[in-house]
Amino acid sequence: MAQSSSTVGAAAGYRPSATLPFAAEFRRQASRRRTQLALGFMVLLPLIVLVAFQFDSGNDDDGGGGEFSSLADLATSGGLNFTLFSLLVSASFLLVVVVALFCGDTVASEASWGSLRYLLAVPVPRARLLAVKLLVALAYSGLALLLLAGTALLAGTLRYGWEPLRSQVSAQLDPAEGLLRLAAVLGYLAVVLLAVAGLAFLLSVVTDAALGAVGGAVLLWILSSILDQITALGGIRAFLPTHYANAWLGLLSTPVQTDDLVRGCISAIAYATLFWSLAFWRFTRKDVTS
């Protein structure tokens, strides 16, 4: 039988598809301190917020809550509302940092430690190594999002009860429908954060400094958010990756507003695909010396 060109000269029994299994990389990343701390904080944050509400004196100024005031007033009215508030205060920055951490640290940290070239010498095909690391990073990013929402829902329900979902933009939703709306919110946030994941992963391939990849992705996301607030940019803002980041609020309205949700999904997937494509193109062509 003719031997494929990809395995000519390889050791007997060598199969590129069997190198660096997903489960092995997942366990490897689970043993890292940054993974444990990031996931642990996702569990801890809702508990911190829950404790903070216990110190509420009820004497806050009406204008002191800013953009969160309407939902903050409802956060203690049930577990679903508490979960919604936890997502609201986390979506614009904390979740961005966590996703950037998982996706921006994955390749750059290997390069900074000098272990990347040894992984390639196993040998693990470059495209497979990058694909496995990306999938593991996305898996941990999704796990972090689920831990945050799950902990908030459990803690909020135990403290405030299983009550209808309420907001300032919709009628009261019964708990079953409210839970579905929250699941949809999580799904949309996961899609939007793909753009962050793509940007951080690209920077992780381009640089050998993990902190630079993570910090660069977060700073560029913040810059996009700032530019999105400048109305003088007009229609250009619609092409910014953060323009539809808060479109998930449309899932709380009655009826659900889906136009911006669709645009946001298309935008995030387009940006993520572009960034990941550039990352694979760069990594398969670069000289790995570290």
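**View 1. Leu 146 on helix H8.** Leu 146 counts as exposed, at 54% relative accessibility (exposed means over 50% relative accessible area, buried under 20% and partly exposed in between, with a 1.4 Å probe and protein chains only). Leu 146 is found in helix H8; helices here are DSSP runs (H or I, at least four residues), numbered from the N terminus. Between Leu 146 and Met 42, the separation is 104 residues in sequence and 8.8 Å in space, C-alpha to C-alpha. The model shown in these views is predicted: local features need pLDDT of at least 70, side-chain atom pairs count only at pLDDT 80 or more, and totals for chains, interfaces and linings use all residues. Residues are numbered from 1 along each chain as its sequence is written, and side-chain values use heavy atoms, with hydrogens and water left out.

**View 2. Helices H5 and H8.** Helix H5 (residues 94-105) and helix H8 (residues 126-160) have axes that come within 8 Å and cross at roughly 155°. H5 is therefore roughly antiparallel to H8 (angles over 145 degrees count as roughly antiparallel, under 35 as roughly parallel, 65 to 115 as roughly perpendicular and the rest as oblique). Axes are lines fitted to C-alpha atoms, for helices over the stretch in contact, and angles run from 0 to 180 degrees between N-to-C directions. The crossing of H5 and H8 is right-handed, a term used if the near helix is turned clockwise from the far one by less than a right angle. From H5, Leu 95, Val 98, Val 99, Phe 102 and Cys 103 meet residues of H8 including Ala 137, Tyr 140, Ala 144 and Leu 148; contact means heavy atoms within 4.5 Å. By class, eleven residues in the contact of H5 with H8 are nonpolar, one is polar and none is charged (Ala, Val, Leu, Ile, Met, Phe, Trp, Tyr, Cys and Pro count as nonpolar, Asp, Glu, Lys and Arg as charged, and the others, Gly among them, as polar).

**View 3. Helices H5 and H9.** H5 packs with helix H9 (residues 175-206) at an angle of about 40°, their axes being 8 Å apart. This angle makes H5 oblique to H9, and the crossing of the two helices is right-handed. H5 contributes residues including Val 96, Ala 100 and Gly 104 to the contact, and H9 contributes Leu 189, Val 196 and Phe 201 among others. The contact of H5 with H9 comprises eleven nonpolar, two polar and one charged residues.

**View 4. Helices H1 and H8.** The axes of H1 and H8 come within 10 Å and cross at roughly 55°. H1 is therefore oblique to H8, and H1 passes H8 in a right-handed crossing. Among the contact residues are Phe 22, Glu 25 and Arg 28 of H1 and Lys 133, Val 136 and Tyr 140 of H8. Eight nonpolar, one polar and three charged residues form the contact of H1 with H8.

View 5. Arg 32 lies in the loop between helix H1 (22-30) and helix H2 (33-53). Ser 253 is located in the loop between helix H10 (210-228) and helix H11 (259-283).
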